[in-house]
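Hi everyone, thanks for making the time this morning. I'd like to walk you through one model, so let me put it up on the screen.

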Amino acid sequence: MLKEDQDVALLRVSECFLEAAPQQILQLTILLKHYHSNINFEFIHQVASIFSSLGSMGWAMASYHRSIRLAQQDKLNIGITGTILQFLWHFCTTVSRILSLSVLASIWPIYTAIGCIIHWISMTTWILIDSHGILEFCRDPNHAPHCSPNIKERIYSVLFSIVIGVIHIFIYLNAVDGSTFLKHVFFYIVCFLENITATVFWIYISSNDVKNSWYFNVLIILCIIPFLLGITAMIVYYGVFHPSLKHQSCTNV
């Protein structure tokens, strides 16, 4: 049942970042292009819908990490505080990422799509370089584990890497068991630089009407500050509330 719950959690993450995230970018882009600074019920409803969807993405990632811990007997489970920090980490970074892509798409939709495709290809290549975990995931259960993967299994692993690469446009999803410190550093530095670049373009290329609107400075803040808050939550999680630290402390005692 735990293994099935782990698979369901992975499918939930895939649904969020393959379907819901692009829809949120499209919805925000349309809203920014046609919004006239009027705060009415329709605007509040749209904003509430967007943030509820973003919240579900953060919870999907926190639930996924909790599920994969529950399904592995050799690892300790994530506590309540750790789950909350996981949610804040992924929610804040996702908010910043989607808003950054949306503000850029509102002025340069084609270039934004090209940039996302380049990011997707780069992330897929990065995943394929270290695809041992994905190969194990895509193995045929009837195929002996000591044998090298066959062509069918390798094709499945490449296709799965492509899907994970799309998810990496928005969030980091670790597909290989092992140390993630350097991977997190690399991925979040790349994403932060991309977010900063998108925000700078938004600042200098937006029309005067947009620059004079009430939401201009609000979006600039929301493109940067939540990302930093999410990274802070991640550092606190790994530095204080990660299950391996508790296991190490108990072992020392």
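When I say helix here, I mean a DSSP run of H or I with at least four residues, and a strand is a run of E with at least two. Counted that way, the protein chain has 10 helices and zero strands. Please keep in mind that this is a predicted model.

First, the overall picture. The chain has 253 residues, and 43% of them count as buried. If we take contacts with a separation of 6 or more, 76% of them join residues 24 or more positions apart.

Now let's look at α1. This helix has 33 residues, and from first C-alpha to last it reaches 46 Å, close to the 48 Å expected at 1.5 Å a residue. There is a kink in α1, though: about 35° at Ala20, shortly before the proline Pro22.

Is Gln24 buried or exposed? Its relative accessibility is 6%, so Gln24 counts as buried. Leaving aside residues up to four places away in sequence, Gln24 touches Ile50, Ser53, Met57, Ile98 and Ser102.

My last stop is a helix pair. The axes of α3, residues 80-105, and α4, residues 109-129, come within 7 Å and cross at roughly 140°. The two helices are therefore oblique to each other. On the α3 side, the contact is made by Arg97, Leu101, Leu104 and Ala105, and α4 brings in Pro109, Thr112, Cys116 and His119. By class, that contact has five nonpolar, two polar and one charged residues.

That's my tour, and I'm happy to chat!

Note on methods:
Residues numbered from 1 in each chain as written. Predicted model: local features only at pLDDT ≥ 70, side-chain atom pairs only at ≥ 80, totals over all residues. Heavy atoms only, no water. Buried < 20%, exposed > 50% of the residue type's maximum accessible area, 1.4 Å probe, protein only. Contact = heavy atoms within 4.5 Å. Expected span 1.5 Å × (residues − 1). Bend = angle between axes of the 7 residues up to and from the residue. Axes fitted to C-alpha atoms, helices over the stretch in contact; angles between N-to-C directions. Parallel < 35°, antiparallel > 145°, perpendicular 65-115°, else oblique. Nonpolar A, V, L, I, M, F, W, Y, C, P; charged D, E, K, R; others polar.
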